[in-house]
Amino acid sequence: MKNDKKPSPLKTPMKDLKPEDVKSLERPLGTSDRPYPMWGSQRIEHNGRADLEQVLSVIADDTYPMKVFSERPYKEVIAMAYCDMPTPSMLPLFFDGLERRKPDSTNRTQMMIGDPGAGKSFLGALQGRLRSKEPVEVLDCGGKNMRELLFEMVLDFGAGDALPKSIDKRLQAGTLEPMSMALLKALPSEVVSIEDGTVKSIDWNGLKAINNDKVEAAFETLKKVSKIEGLDNAGGNALGMNSQYGPLIRKFMAGEEIVLDEYNKSREGTDDNLQTVWQFCIGELKECTVENPLKNKDATAGPSEFTFRREDMKPGFFVTLTGNKKEDGVTTRSLNKSVYSRLSPQTLPDPDVIDWQHRICQMMVGLPVSTLYTTFKEQADKDPDQFGEWLLWLRRTKAEVEGGKVPELQETLLQNWKNVVNSSEKLARFYDKWQKMTDAEKITSNGNPDLVEEVDDEYSKKEGIDFRKIKQHLEEAIPIRPRMLKEDAPRALDLKAWEKVPSLGEPVVENSSLNFGTRLTEFLERMVYEKSGAVGKPKLYNKLQKAMQEFALRDITLQEAARSKQRSVEEDLNISAFNDRDLTKQAKMARNVFCDFLRQSNPEIKATNDEIVTPKTFVDALTAISKAETAKSNELFVANRDPESLYAGHPLVSAIIKDAATYVAAKKEIDFGLNDLVHHDDFLASLAMPTVGAKNLTAVWDQNLRPLMTNRQEAANANTPPAAAAGAGTPGPVMDLDESLYIAENRSDKKIATTSLQVLWTDEQGERPVSIHIVRNETRNKTLVVSEKAPSKLLSAFKEAGVIHVDRNDANAVTKVEQALAEITRGLTPSVKERLVDAFKYRNDADSSPALKGKEPKLTELLVDGNVEMMYPKYVIKNDKKKAAGM
Amino acid sequence: MTQDATNRQQPVPSELLEQVASAVAQQKAMDGGPTFLPHGCRLFRIASGWESNMIRRDKGVTSCETLLEFEAALRNPDVKVVFLTADAIITDADIEKICQRNGVTKTLFKEVKEA
């Protein structure tokens, strides 16, 4: 059958190409409305003097833009070019690579020399990937004979690779003869993987193209295995050796790209007869012929020579050569002068902070947000939402190209792209410092001469920081893993019935972005210690710790004064889904929480979410709540389980705080009863909903104790609670200095606060009021709530809301509260923590609990003791007006 | 046909259901975070179970058990997502090596047996 399919213009010889073919490949990059970032030297004026400086700018030229000559659709090219963009300092090389790939270019090579892990082979392959959907062959030249680039001796397994497939089948089934197994183990180590003493896999494609000096031994081995396994008689299991065109000629013929990786680690002296080929590839020669030295060797068939001709060259042919810097190790050799002269290697600069940040962003979210932000800062600041949408479009389009979805973590981070820019900058500066501290070669010149004794070449090679290390760190931080408890945390061991599988509690699933910042920075903190302090490098450890503080990696590292000015990396990268600015998405989450809560509290309800409450109703409710001014009026919104009003479209109802302190001050009697109290679960459910919870947490604070304290000044005596005593009898100025009072009122500049509420609780003992204690750190948006058992369906949502709920009746309540308090008060001074206890006592009477009477209990003990009574309870009352949110 | 019959919801085609299930399973596997591989390939591990089955059965996903199959999948421009079965005779080092020599960006899922 005749094949009418026209070959791609990339694979058509130049002599047969028509102008329209070339035109069909053109994909412009860097036009006026789609500028492309570019790095380069420019004269910058300072006080009337112009100096050459490296700057990040753009190419934005409609007449002479950069061009990718590609078979891919424009949409794919543009998404890949922006998402996989080389680091800023490598952009000039990218630009140069595009120029050399123009169909009329005579130089079809690009050689790059740089540090391991700098992204050289990635850049070479990226250019190929931008042009075609076919993979770019990356050939590891390390230890190889470069003559084999032209002609190679290969194993021939016949059509369909029948022999390898048969052996693989037996390998997988575990039915290979022991003798065959032993023989296969002796194949070159680079093509056999051995696990637990047995052959796990054989890289047949690698074996086919094994070095010429190993091919005969491999051939003999396989012949024996074939015989032992009885495969030598089977039809199609042919095994032979043949000489064929090497990869360079094959790529030339096919019009494809190849990357010759680690070219200067190839075997010395083996590239001598490539010199004329390089002359051809760089455009110095129009034609060159190479002879096959393997022809007729051992009677193998194969080509005798090959002639490279300019007219046969196809636009798709290109050779990228990469090399490591000479100091990389003994296997790296200096290329001879003629190679340097012909291939003109370009040396990659050492990465700068902007490069670290670029790569961190790419690994974290899949595209270089930082570089794009720096390039288009004005527009991004002006319309951050639209800029964010554009970033998401790029990322989603790239995911389409790769066939996958965008991971949820990346979506969330991109929706909060400013956090990514802020945190990646700090991380980049930290990594840049870490890299300099662990670079033995330059340690005296880069400001770290004090580390000379601790950082030697060996340590540098092993623990020096490069882009690969960042990759490893992120790989560790992204998944949610079990966390080690604090060393002094109490542990409970059930010594009975170990034969049974333990019964696990209901899983409380956590969004991967919720604590991503904590996981990453904790891991870095651990790495810093394990790679320095723990291995006898105290000076390095101290310097790294200081760098962590300087660049605000963790909240704890922020100094008090600096706290208000900058956010830590941890804080920036801990992103709750509840923070989504889109109210529709918030309403969707709130509705899910509400409906799950409703079904759990009344199992007879089988209705779906849509049947319980429509999405629009929830959007309306949240819109109304978000607009309400509730902080001063102490108005709250709580879950509504009353069927009548719920089905009338009111999932949330209004509640109000009535403070016994104001009744006392006004000498009034309490004018409401137990039935008026909001149920404990309805209030807790409100804290588990976006917008609603946040709003309620701003409306639970008051300054109602002040009048009482002024009135009581005469009565102040030694029996008053310590904190109250500080204020009582000394109105005005002293009260204003009482940090604990500020904390009780949520007015402390330390942004820590505590208060207590009374709600209705029902159990087998009947109905009664119970306390809900709240400790909140506003800066870190973390809230500890200690009360009765919460419905389990709220627990996941609590996490998103930054609420740590502890059931005071839980056997491990003390431990859980201790951990939560440690988290909430992290970085605060001990005196502030002491004031927190006093603040709690403004509302609660420690002596009311028989277990605590006369003691000086810790806050943990006070919070979990259900017998601690409130002196001036703040009751959460159903709003008299029965006002429903959204009405 | 009555109005009721016209309004009655058509059952969701099983093929569509499988696609949705595969998408959910892929997203869940991604939550575990990737192993970054050369040339931008990302490998996600997924425990053996219904989710891995869903990905394997997805028509848009190519399932591989040997290195030859894996490399062929990487070299096939029509294949975007590759699934490596739990029984595959492919080591992690093999995956890294094969991705390194084939400069292409694809999404990989590797089924793992839970201990």
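Of the 115 residues of chain B, 46% count as buried, a residue being buried if 20 or more other C-beta atoms, placed from the backbone, lie within 10 Å of its own. The model is predicted: local features need pLDDT of at least 70, side-chain atom pairs count only at pLDDT 80 or more, and totals for chains, interfaces and linings use all residues. Residues are numbered from 1 along each chain as its sequence is written, while chains are lettered from A and ligands numbered from 1 in the order in which they are written.

Chain B comprises five helices and six strands, which are DSSP runs numbered from the N terminus (helices H or I, at least four residues; strands E, at least two). Along the sequence, the pattern of chain B reads α-α-β-β-α-β-α-β-α-β-β. Among contacts in chain B with a separation of 6 or more, 63% come from residues 24 or more positions apart; two residues are in contact if their C-beta atoms lie within 7 Å.

In helix α3 of chain B (residues 50-57), the buried residues include E51(B), S52(B), M54(B) and I55(B). These residues lie on the same side of α3(B), because they cover an arc of only 155 degrees around the axis, taken from the directions from the helix axis to the C-beta atoms. Their cover includes α2 (14-31), β2 (42-47), β3 (61-64), β4 (81-84) and β6 (107-112) of chain B.

Between the chains, 39 residues of chain A are in contact with 36 residues of chain B. The side of chain A that touches chain B divides into 14 nonpolar, eight polar and 17 charged residues. Here Ala, Val, Leu, Ile, Met, Phe, Trp, Tyr, Cys and Pro count as nonpolar, Asp, Glu, Lys and Arg as charged, and the others, Gly among them, as polar.

| Helix pair | Angle | Axes apart |
|---|---|---|
| α6(A) and α8(A) | about 165 degrees | 9 Å |
| α17(A) and α21(A) | about 165 degrees | 10 Å |

Axes are lines fitted to C-alpha atoms, for helices over the stretch in contact, and angles run from 0 to 180 degrees between N-to-C directions. The angle makes α6(A) roughly antiparallel to α8(A), a term for angles over 145 degrees. The contact is made by M179(A), S180(A), L183(A) and L184(A) of α6(A) and T221(A), K224(A), V225(A) and I228(A) of α8(A). These residues divide into five nonpolar, two polar and one charged.

In the other pair, F430(A), K433(A), W434(A) and M437(A) of α17(A) meet L540(A), K543(A), L544(A), A547(A) and M548(A) of α21(A). This contact has seven nonpolar, no polar and two charged residues.

Methods
Buried ≥ 20, exposed ≤ 12 C-beta atoms within 10 Å, placed from the backbone. Parallel < 35°, antiparallel > 145°, perpendicular 65-115°, else oblique.
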